Amino acid sequence: GPCALAIRNRILSETSSLPNHIFLGTIICSSDCPYSHPHCPQAVTSEDTKDLNGRSIQQYVQDESLKRFRRNSKHGFVTDYLLERTDWGFDLAAPSHVSCDDRANHRCNRVHMYVGGEDDYKSIRLGAQFLRELIGDDARLQILDEEDHFYASRKPELLAKLLATMTSPR
């Protein structure tokens, strides 16, 4: 989530210096929202902190990173978890100089947000609408009712289908 959006906004902020480049958009799969944002709904932050079970964030991250299924992704988990719970440091909306009239020039393309259904994490499902609102009119949110949190990594054919949506008419 935060990394993809930061890269998107960096690319969009430099579109005038990259006139021959095409930027198709950004896909975010079951991303957390910025939990430390001052307007993050309490229902979202309350759900997010349930996993702590009274532990500090540092202890929770350490405990989770030691789980066997995280063996190959321990550093990614730690980075994601901590990054999503700090100030993201940038505005999630497209840079103000990018006009949506530039869509024909591929300068203001959508953020395609996908969230799993009931089997995705509740804090992610609750925070999806808030994240969409922070991104603004360029965000399109779709709930994948039959999917869990890990659909993008477990189902390459589904991810390919989601990528294909970036080139379809809006």
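This is a predicted model: local features need pLDDT of at least 70, side-chain atom pairs count only at pLDDT 80 or more; totals for chains, interfaces and linings use all residues.
**Reading a pocket and its surroundings**

Visitor: Where does H149 lie in the chain?

Guide: H149 is in the loop between β3 (139-144) and α6. Setting aside neighbours within four places in sequence, H149 is in contact with S30, D119, D120, Y121 and I124.

Visitor: How far apart are H149 and C29 in sequence, and how far in space?

Guide: The two are 120 residues apart in sequence, and their C-alpha atoms are 8.3 Å apart in space. For the chain as a whole, take the contacts between residues at least 6 apart in sequence: 76% of them join residues at least 24 apart.

Visitor: Let's turn to the pocket. How much space lies in the largest pocket, and which residues lie nearest its centre?

Guide: The largest pocket holds about 950 Å³ of space. Its lining has 34 residues, and D32, D80, Y121, H149 and F150 lie nearest the centre. Two or more lining residues come from each of α1 (2-13), β1 (26-29), α2 (42-50), α3 (57-65), α4, α5 (122-135) and α6 (151-154).

Visitor: Which element gives the largest share of that lining?

Guide: That is α4, with six residues. By type, the lining of the largest pocket divides into 16 nonpolar, eight polar and 10 charged residues.

Visitor: Which residues of α4 are buried, and why do they line one face of the helix?

Guide: To read a helix, look down its axis and ask where the buried residues point. In α4, the buried residues are F77, Y81 and E84. Seen down the axis of α4, they fall within an arc of 80°, so they line one face of the helix. The cover over these buried residues of α4 includes α1 and α3.

Visitor: Is R85 buried or exposed?

Guide: Compare its relative accessibility with the cut-off: buried means under 20%. R85 has 17% relative accessibility, so R85 counts as buried.

Visitor: What does R85 touch?

Guide: Not counting residues up to four places away in sequence, R85 touches D32, Y35, S36, D48 and D80. With one of these, D48, R85 makes a polar contact between side chains, at 2.6 Å. D32 and D80 are also among the residues nearest the centre of the largest pocket.

Visitor: Now for the backbone. What is the phi of S30, and what is the phi of N53?

Guide: For S30, phi is near 50°, a positive value in a residue other than glycine. For N53, phi is also near 50°, again positive in a residue other than glycine. S30 sits in the loop between β1 and α2, while N53 is in the loop between α2 and α3.

Visitor: Which of the two is buried, and which is exposed?

Guide: The relative accessible area decides that. S30 counts as buried because its relative accessibility is 3%. N53 is exposed, with a relative accessible area of 64%, and the cut-off for exposed is over 50%.

Technical notes
Residues are numbered from 1 along each chain as its sequence is written. Side-chain values use heavy atoms; hydrogens and water are left out. Buried means under 20% relative accessible area, exposed over 50%, partly exposed in between (1.4 Å probe, protein chains only). A polar contact is a pair of N or O atoms within 3.5 Å; within protein, one must be able to donate a hydrogen and the other to accept it, and residues adjacent in sequence count only if both atoms are side-chain atoms. Contact means heavy atoms within 4.5 Å. On a 1 Å grid over the protein atoms alone, a cavity is a set of points where a 1.4 Å probe fits but cannot get out, and a pocket is an open set with protein on both sides within 12 Å along at least five of seven lines; lining residues have an atom within 4 Å of a point. Grid points are joined across faces, edges and corners, and a volume is the space filled by probe spheres set on the points. Helices (H or I, at least four residues) and strands (E, at least two) are DSSP runs, numbered from the N terminus. Ala, Val, Leu, Ile, Met, Phe, Trp, Tyr, Cys and Pro count as nonpolar, Asp, Glu, Lys and Arg as charged, and the others, Gly among them, as polar. The arc is that of the directions from the helix axis to the C-beta atoms.
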